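Colleague: Please walk me through this model by question and answer, in plain terms.

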Amino acid sequence: MGQPPVLTRHQFASAAKELVRDQEDKRLKADDPISILYQGWVWQEHSTYSHLGYLERSVTVYDGLPVDIEDPATDDAVLETLDASEAPSCQSLPRFMMQQYVAWSVTYEVPVFYFTLHDSGGAPIPLDRMYNTSIFRKSRQLAKTPKDLTSALFPASSQSDVHEEESVPFPLLSQGDHPVLGTGHLARKLLETLRANQPSLGITARDLQCVTIAGLCHDLGHGPFSHVFDGHFVPAVKGPRPDGSYWCHEEASEMMLDALVKENDIPLSQDRVNFIKDLISGTPRLSLKNNPPEKRFLFEIVSNKRNGIDVDKWDYIARDTKAVGETCTLVASRLIEAARVIGDQIAYNWKDAQSVYELFYSRYSLHKRIYSHKTAKAVEHMIVTALIAAEPVLHLAEAIDDPKKYLYVTDSVVEDIERSNDPRLATSQAIIRKLRRREIPKRVEEKCLPSEFEARWKKLITPQTVADMSRKLLEQRKRDAAIARHDDELNQPMKEVVKEYLQDTSMAENTAMDDREDDVAAPLMPAVELEQDTRRTESMDLDEEALTADDVIIDFSTLHFGMKDSDPLEHVSFYGKGNMNVCLPVRPDESGYMRPERFQEVILRCYATDAGKRSQVQDAFRAVLQSLPHDVQKEQAEESATIPKHEVPVEDSTPTEAPSTPTAGHSRTGSGSFFSATGSPDTSPRGRRRGPSMTPNQPNSFTTIQRTPNTLGNPKGEKTGRKRRSLGGDGGSPEKKKKLAG
């Protein structure tokens, strides 16, 4: 299946309004079954923001159409818009009132279909009955049309490469695929499975309701561009609190939940609201005084602080893997069926230990390849910089404490900045224009480091330190150039003598040859440097300016399996079929030894904001890297001498051969260390697999920018290198050699 057509907000609004006009002008035939599907729509402008309009209509749908109805006039897709008098064969079927909406999705840039479904009394119908209504059944009439509902509803996209699926009248996301509904769906499914398999747990309808709502509302607090807002923008603008903590989107989720319940008069008691908030945070706080006490295992479903296995992770791993066109190996249904509550915590069958490990690895892999991609991080920096520059005008950070304001702080803030005529937003607009033209910062260096290096190097490697090093390098080059000029003046008389000698002996044709061991002319005169040092043009330009902090971006990205630097499997409890009421951690000999030595790493990247300064930024960054204190490496070597927790030596009664004989088996260099126990580079077979003499201070061999040959004294720009020539090259012919020797 292809992708739905991508539309801008303006294209969506124009096409939707044209559809409404077609209805009013009777361009849609009233007796055409297909046209009936597109009738009744009204364009609704947002009460505050006119550019946030949407389509809306009310229709009647029927519950469980008889299978023997073959008359096209009573087809499923048509019956949803017919009243009872027009469909006499459906008089006996239950009718539901459906309120339908078509809005533009900021996230996916496509039209999205929303609806609410209620019975005649106004109560929402259960999901299982909803799936049996005519709106979800296949449409035989639409299967005969060449276009799906999306292209018919929005003619502006008819030229796009839209996908066609004859059996479904419009692209439909299930609850498991929906970016919002998926977590709530999985949360309810997990709890229903636990209740069916373990009735003694006493899971109530109240538990089901609160856990499902927590899954639906756990990300209500996300700001523009998801974690970029609460992870980078807000900390940069507001800084830490007095206690050192930072604002997070879960706090906003609780705030928005309170506003949602209050403004819509949702019949939820305060103790249930408090319970839902704690389920979202994963920690019982507000619900501690609830009577009877809440079940502790319920706090591991939406946000699991004990081991990180929760339905939120199941949801986004499956969804995002599918979104990037890959096959997801995670099967949430298997883990749901294997889940069992033992000792007030959720445990899994030990046979599924590999599936649990792959869950954590999938998380790491997505962060490594997608979320922390070098280009994604560069774009994030541009967005954050633009938002910070716009903060004095838009006051986005102030909205995090006001639900009415925060409701409208969405990704559309970028378009708001672009549309504005406020001159104070010129800087932000310039950044966004660069982003639109894909003029993004260029990565010049990347290093993968053990996690402990982040705290030690973050204060030492900053844009300012790189800029300062650039100034020092420039000053050093100027001093070297002055010394070279002085030496050149001293050697000038000798060069003149050599030049005259070569002309007199007709040996000029040999001056481009390399020195050889049999060069008989070598003892006659000292070697003289006749050619220039080959360096990139940027390094030889003594008039270039030193870098500023604005020319450099330094990014530290921490990646882990879900439990920081610890093995997540150590925090998961498993049970066996022999005793399903006892849970234990799984040992390597029970699950497998193929596990990483480390579970957390840091990716250090340096970017140049100006592509023309890439070489200069790389030189300065690498110089900073080389200048870092070596005691950091020594501390790492000392830490590597410790034995990992999961490899405790067992007593061996076998006599030791000799005190000097190395003991094989349990002793090894520590968790992913770069160094041996002595502090020198690890040259063991394991160390050699990671590269010769590898240290964190070394430059990345694969990111080195190609040097540009210096053209001074070399008009054609050949790479001449730094050569030292003896008189006469290799001496030429035997006659010439004999002449020189004489």
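Colleague: How many salt bridges does the structure hold?

Modeller: A salt bridge here is a side-chain nitrogen of Lys or Arg within 4 Å of a carboxyl oxygen of Asp or Glu. By that rule, the number of salt bridges in the structure is 32.

Colleague: What should I know about the source of the values?

Modeller: This is a predicted model, in which local features need pLDDT of at least 70 and side-chain atom pairs count only at pLDDT 80 or more, while totals for chains, interfaces and linings use all residues. Residues are numbered from 1 along each chain as its sequence is written, and side-chain values use heavy atoms, with hydrogens and water left out.

Colleague: Which residue meets Lys-613 in a salt bridge, and how far apart in sequence are the parts that the pair ties together?

Modeller: The side chain of Lys-613 meets that of Asp-551, at 3.4 Å from N to O. Lys-613 lies in the loop between strand 11 (600-608) and helix 22, and Asp-551 lies in the loop between helix 20 (537-540) and strand 8 (552-560), so the parts tied together are apart in sequence by 62 residues. Helices (H or I, at least four residues) and strands (E, at least two) are DSSP runs, numbered from the N terminus.

Colleague: Is Asp-551 buried or exposed?

Modeller: Buried means under 20% relative accessible area, exposed means over 50%, and partly exposed is in between (1.4 Å probe, protein chains only). Lys-613 has a relative accessible area of 27%, so Lys-613 is partly exposed. Asp-551 has a relative accessibility of 10%, so Asp-551 counts as buried.

Colleague: Which residue forms a salt bridge with Arg-587 at 3.1 Å?

Modeller: Arg-587 is partly exposed at 46%. One partner of Arg-587 is Asp-589, with the closest N and O atoms 2.9 Å apart. The partner at 3.1 Å is Glu-590.

Colleague: Which residues form the positive surface patch?

Modeller: Patches are made of residues with over 30% relative accessible area and no salt bridge; like charges are joined within 9 Å, and nonpolar side chains (Val, Leu, Ile, Met, Phe, Trp, Tyr) within 5 Å. Lys and Arg count as positive and Asp and Glu as negative, with His and the chain ends not counted; a charge is placed at NZ of Lys, CZ of Arg, CG of Asp or CD of Glu. Arg-614, in helix 22 (residues 614-627), has 32% relative accessibility and so counts as partly exposed. The positive patch is formed by Lys-374, Arg-438, Lys-442 and Arg-614.

Colleague: What is the area of the nonpolar surface patch with Ile-266?

Modeller: Ile-266 is in the loop between helix 9 (249-263) and helix 10 (270-281). Leu-220 and Leu-260 make the patch together with Ile-266. Accessible areas come from the Shrake-Rupley method with a 1.4 Å probe, and for residues only the protein chains shown count as cover. The area of this patch is about 200 Å².

Colleague: How many residues of strand 6 are buried, and which residue in strand 9 stands opposite Asn-349?

Modeller: Strand 6 (residues 345-349) is mostly covered, with five of its five residues buried. Two strands pair if DSSP finds at least two bridges between them. Strand 6 pairs with strand 5 (residues 340-342) in the antiparallel sense over three bridges, and runs parallel to strand 9 (residues 574-576), joined by two bridges. In strand 9, the residue opposite Asn-349 is Tyr-575.

Colleague: Which residue in strand 4 stands opposite Trp-104?

Modeller: Strand 3 (residues 95-104) has a covered face that includes Phe-96 and Trp-104, and an uncovered face that includes Arg-95 and Ala-103. Eight bridges join strand 3 to strand 4 (residues 111-118), and the two run antiparallel. Opposite Trp-104 stands Pro-111.

Colleague: What is omega for the cis peptide bond between Asn-291 and Pro-292?

Modeller: Pro-292 is in the loop between helix 10 and helix 11 (311-323). The cis bond joins Asn-291 to Pro-292, and omega is about 5°.
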